[in-house]
Amino acid sequence: MTGSTQCVVVGGGPAGIMLGLLLARAGVQVTVLEKHADFLRDFRGDTVHASTVRLLDELGLGEGFRALPQSRLENFRLPVAGGRSVVLADFGLLKEPYNYVAMVPQWDLLNFLVAAAGQEPTFTLRMNTEVTDLLRDSSGAVTGVAYRTRDPLTGSPLDSGELMATLTVACDGRGSVLRQRAGLAPHEYPVPFDTWWFRLPRTADEDEPVASIAPRFGSSDVLLSLTRKDYHQIAYLAAKGLDPQLRAEGVEAFRARVARLRPDLADRVDTIRSVDELHLLDVKLNRLARWHQPGLLLIGDAAHAMSPAGGVGINLAVQDAVAAARFIASPLLSGTLDDGHLAAVQKRRWLPTVIVQTFQRVLHRAIFARVMAGKQPKPPRILVLMARHLRGFPKLPARMIAFGPRPEHAPDFARRKP
């Protein structure tokens, strides 16, 4: 089966769906291909920063977004010696209504954006559609993708086909198939830890505020608890490459690790029934030198995988999508798109990516690498002193985390009144 569209977006995550929505509002024929049957997958990032909340307001979607189940994260604490912490970023110091980070299940956000995009006649979303390769013309330019569809119930292949497109955009994450097919390899930066995600139940009498983040540091590991309405979403951080040993030790040993770091949760660790319930995130921090080829653009984690440190990956990917839509919508409509337009997207988003990744590399060295080596975390002394003693200082990192460097605004063609 062969079809065609003006732009095919591969990957139905926040960047892919946002790009599809924006391009459709410009009148571009856009098709988003998502390999899964739905968006219901645990332990995906679900922080929606102020820059994205503002973007949704500009798109006329703010009221609907705020009606989604969510909670608010109001500060970010930096661990210091002795198991203590200091408020590095206080979002409450920012100007309302963008003075918080929203904690929203990612599947709710994606379904909400898909519903908005579905109102545009040029938007198409195809689930259960896995892209397998790039199509190229005689000059080597990308002209679309090859794909296969799967039965949503059994997962067995149904058929295969090709979708021709003026532009292919890879939004298929840190394990990007299209990046591999394009022969592109990112520069990898060292990461000292991996993350294992799981849930523990939360009782009604717990007084820890909803959306709080509670880090606990052990001798060579970290437990990060994101408090939700009726459960704790837990991230266990330990040395990179530990997964085989951790699983070989068995579930009882893992329960003991959790109880050691969070004695207050020891009464419920038996709800972890098997190490198979632990969802490993092989943490990556990397960046492509070139995000494009003729007919192909890579954005989000496909172009620059982010560490979970700071929880900014989703929002950086969304900002990529906004910038991409601004540069490529008009050329797609006029049939004048060339490699210069794709290069402009990378040029626009390169510096913010470098700044955020540099900040994450500092956190890796000062905090996580030291903890994994059995040492006390050692954030830059000047940063701790300013956070403790300079009144109003927590507003500066709060703005950087909430909005990021060079936050994007919705293009005029995509704006709607509520």
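This is a predicted model: local features need pLDDT of at least 70, side-chain atom pairs count only at pLDDT 80 or more; totals for chains, interfaces and linings use all residues.
**Entry 1: helix H1 against helix H4**

I began with helix H1 (residues 14–26) and helix H4 (residues 106–117), which pack at an angle of about 15° with their axes 9 Å apart. Angles under 35 degrees count as roughly parallel, so I noted H1 as roughly parallel to H4. The handedness I looked up next, and H1 passes H4 in a left-handed crossing.

For the contact itself I listed both sides: H1 brings Pro14, Ile17, Met18 and Leu21, and these meet Gln106, Leu110, Leu113, Val114, Ala116 and Ala117 in H4. Sorted by class, the contact of H1 with H4 has nine nonpolar residues, one polar residue and no charged ones.

**Entry 2: the chain as a whole**

I then stepped back to the whole chain, in which I find eleven helices and 20 strands. Along its principal axes the C-alpha trace spans about 60 × 50 × 40 Å.

Of the 418 residues in the chain, 54% are buried. I also looked at how far apart in sequence the contacting residues lie: among contacts between residues at least 6 apart in sequence, 72% join residues at least 24 apart.

How many of the nine residues of helix H2 are buried? Eight of the nine residues in helix H2 (residues 50–58) are, so I wrote H2 down as largely enclosed by the rest of the structure. The buried residues of H2 are Ala50, Ser51, Thr52, Val53, Arg54, Leu55, Leu56 and Glu58, a list in which I marked Arg54 and Glu58 because both count as charged.

Looking for what covers them, I found that the buried residues of H2 pack against H1, strand E3 (47–48), helix H3 (62–66), H4, helix H8 (313–334) and H11. After H2 comes glycine 60, whose phi is positive, near 80°.

H2 passes H8 in a left-handed crossing. Ser51, Thr52 and Leu55 make the contact from H2, while Asn315, Val318, Gln319 and Val322 make it from H8. By class, the residues of the contact of H2 with H8 divide into three nonpolar, four polar and no charged.

**Entry 3: backbone geometry in the loops**

Most residues other than glycine have a negative phi, and most peptide bonds are trans. With that in mind I went through the exceptions.

The peptide bond from glutamate 96 to proline 97 is cis, with omega near 0°, and proline 97 sits in the loop between strand E6 (85–90) and strand E7 (101–103). Asparagine 99 is in the loop between E6 and E7 as well, and I noted asparagine 99 as buried, with a relative accessible area of 14%. Leaving aside neighbours within four places in sequence, asparagine 99 is in contact with Arg72, Phe91, Gly92 and Leu94.

Asparagine 128 has a positive phi, near 55°, although the residue is not glycine. I located asparagine 128 in the loop between strand E8 (123–126) and strand E9 (129–136), where at 15% relative accessibility this asparagine counts as buried. Arginine 406 likewise has a positive phi, near 55°, and I found arginine 406 in the segment after helix H11 (395–403). With a relative accessible area of 35%, arginine 406 is partly exposed.

**Entry 4: valine 177**

Last, I looked up valine 177, which lies in helix H5 (residues 177–181) and counts as partly exposed at 27% relative accessibility. Beyond neighbours within four places in sequence, valine 177 is in contact with Val131, Thr132 and Asp172. I also checked valine 177 against valine 10: the two are 167 residues apart in sequence and, from C-alpha to C-alpha, 9.5 Å apart in space.

Methods:
Residues are numbered from 1 along each chain as its sequence is written. Side-chain values use heavy atoms; hydrogens and water are left out. Axes are lines fitted to C-alpha atoms, for helices over the stretch in contact, and angles run from 0 to 180 degrees between N-to-C directions. Helices (H or I, at least four residues) and strands (E, at least two) are DSSP runs, numbered from the N terminus. Angles under 35 degrees count as roughly parallel, over 145 as roughly antiparallel, 65 to 115 as roughly perpendicular and the rest as oblique. A crossing is left-handed if the near helix is turned anticlockwise from the far one by less than a right angle, and right-handed if clockwise. Contact means heavy atoms within 4.5 Å. Buried means under 20% relative accessible area, exposed over 50%, partly exposed in between (1.4 Å probe, protein chains only).
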